[in-house]
Amino acid sequence: MTQIPHPAGPCRPIGRHEPFSFACHREVACFTRCCHELELALTPYDILRLRQGTGLSSAEVLARYVIIEQEADDIFPRMYLTMVDDGAASCVFLGSQGCSIYRHRPGACRMYPLGRATMKTGENLEEHFVLLHEPHCLGFGQPLLTSVHAYLQSQELPPYNRFNDLLAQITQHDRIRHGLRLSESQRRAFILALYDLDTFRATLLNGEITDAPDDHSALAHDDEALLEFGLRWIAGLLFAP
Ligand code: SF4
Ligand code: SF4
């Protein structure tokens, strides 16, 4: 799983405990300049949080705010946040006071100006970070000294990264690397279980999901437990011997 936007400026590797100076707040002259013209890829956990932030069902979030794409050579469907046709290609959640879903904003928005990529080596994932230094971003002129580790904590990124890593165990699975491709029914199940949680929950509670646990009670109310089960269920569906 990669959370690296398309940089318009220099981009260099940075270690987890390496310091850098950066701060982003309302007083910077470039406030919200980075919320336009984005190819903002959404992860399953992003959609879970957008659902919580908007109060809409997952199906409504997908219909209103998400573009689903899959090119001929894409193995998995990709989700992108909608940009508005307002002459500036503004993010659909950008309001006059800034981000209207700030508490639930996507992981890529939290991560900026860092990018994080993971690479599967055996059973483990290695993480790598880059620091993007784009000319329009004035956050680098701010005095706050931080480190990658401290920045991830301050942006409340650990749950985003935990779920991204669970997803990477699927997208970077050896059988995918060795050529396994999804059937149409597996593709639909992938979207259902990872991105359309409310419909997945209803399907599960109706008894239509094979391999569901006997005790559904946690999955009926706990979104994160449901997404974690969905990721395990999809892995079983794709990779069961
Ligand atoms: S979700 Fe919020 S922070 Fe992210 S691009 Fe949109 S307005 Fe900006
Ligand atoms: S361009 Fe940089 S400093 Fe300006 S609002 Fe975006 S992240 Fe913050």
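Helices here are DSSP runs of H or I with at least four residues, strands are runs of E with at least two, and both are numbered from the N terminus. Helix 1 is largely enclosed by the rest of the structure, because 8 of its 11 residues are buried. Buried stands for a relative accessible area under 20%, exposed for over 50%, and partly exposed for values in between, with a 1.4 Å probe and protein chains only. The buried residues of helix 1 are P44, Y45, D46, I47, L48, R49, L50 and R51.

This is a predicted model, in which local features need pLDDT of at least 70, side-chain atom pairs count only at pLDDT 80 or more, and totals for chains, interfaces and linings use all residues. Residues are numbered from 1 along each chain as its sequence is written, chains are lettered from A and ligands numbered from 1 in the order in which they are written, and side-chain values use heavy atoms, with hydrogens and water left out.

## Backbone in the loops

Most residues other than glycine have a negative phi, and most peptide bonds are trans. E37 is a residue other than glycine with a positive phi, near 50°. E37 belongs to the loop between strand 3 and helix 1 and is exposed, its relative accessible area being 67%. E156 is a residue other than glycine as well, and its phi is positive, near 55°; E156 is in the loop between helix 4 (148-154) and helix 5. The peptide bond that joins Y112 and P113 is cis, with omega about 15°. P113 is found in the loop between helix 3 (107-111) and strand 8 (114-121).

Q155 is also placed in the loop between helix 4 and helix 5. Q155 is buried, with a relative accessible area of 16%. Apart from neighbours within four places in sequence, Q155 is in contact (heavy atoms within 4.5 Å) with R105 and R110. P135, in the loop between strand 9 and strand 10, is exposed at a relative accessible area of 66%. P135 and P10 are 125 residues apart in sequence, and their C-alpha atoms are 8.8 Å apart in space.

## Aromatic rings

A pair of aromatic rings is described by the distance of the centres and the angle of the planes. Rings of Phe, Tyr and Trp (its six-membered ring) pair if their centres lie within 6.5 Å; planes under 30 degrees apart are stacked, over 60 edge-to-face, and the rest tilted. By this rule there are 10 aromatic pairs. F22 and F140 form an edge-to-face pair, because their ring centres are 5.1 Å apart and their planes stand at 65°. F22 is in the loop between strand 3 (19-21) and helix 1 (44-54), and F140 in the loop between strand 9 (124-132) and strand 10 (145-147), so this pair ties together parts that are 118 residues apart in sequence. F22 is buried, with a relative accessible area of 3%, and F140 is buried at 15%.

The pair of Y65 and F93 is tilted, with 4.6 Å from centre to centre and 50° between the planes. Y65 belongs to helix 2 (residues 58-65) and F93 to the loop between strand 5 (78-81) and strand 6 (94-95), so the pair ties together parts that are 28 residues apart in sequence. Both Y65 and F93 are buried. One aromatic cluster is formed by F20, F22, F140 and Y151.

A charge sits over a ring if NZ of Lys or CZ of Arg is within 6 Å of the ring centre and within 35 degrees of the ring normal. The charged end of R105 sits over the ring of Y102, 3.8 Å from its centre. The charged end of R162 sits over the ring of F163, 4.6 Å from its centre.

## Packing of helix 5 and helix 10

Helix 5 (residues 158-171) and helix 10 (residues 223-239) have axes 10 Å apart and pack at an angle of about 10°. Axes are lines fitted to C-alpha atoms, for helices over the stretch in contact, and angles run from 0 to 180 degrees between N-to-C directions. Helix 5 and helix 10 are therefore roughly parallel (under 35 degrees; over 145 is roughly antiparallel, 65 to 115 roughly perpendicular and the rest oblique). On the side of helix 5 the contact includes R162, F163 and L166, and on the side of helix 10 it includes E224, L227 and E228. The contact residues divide into 10 nonpolar, no polar and 3 charged. Ala, Val, Leu, Ile, Met, Phe, Trp, Tyr, Cys and Pro count as nonpolar, Asp, Glu, Lys and Arg as charged, and the others, Gly among them, as polar.
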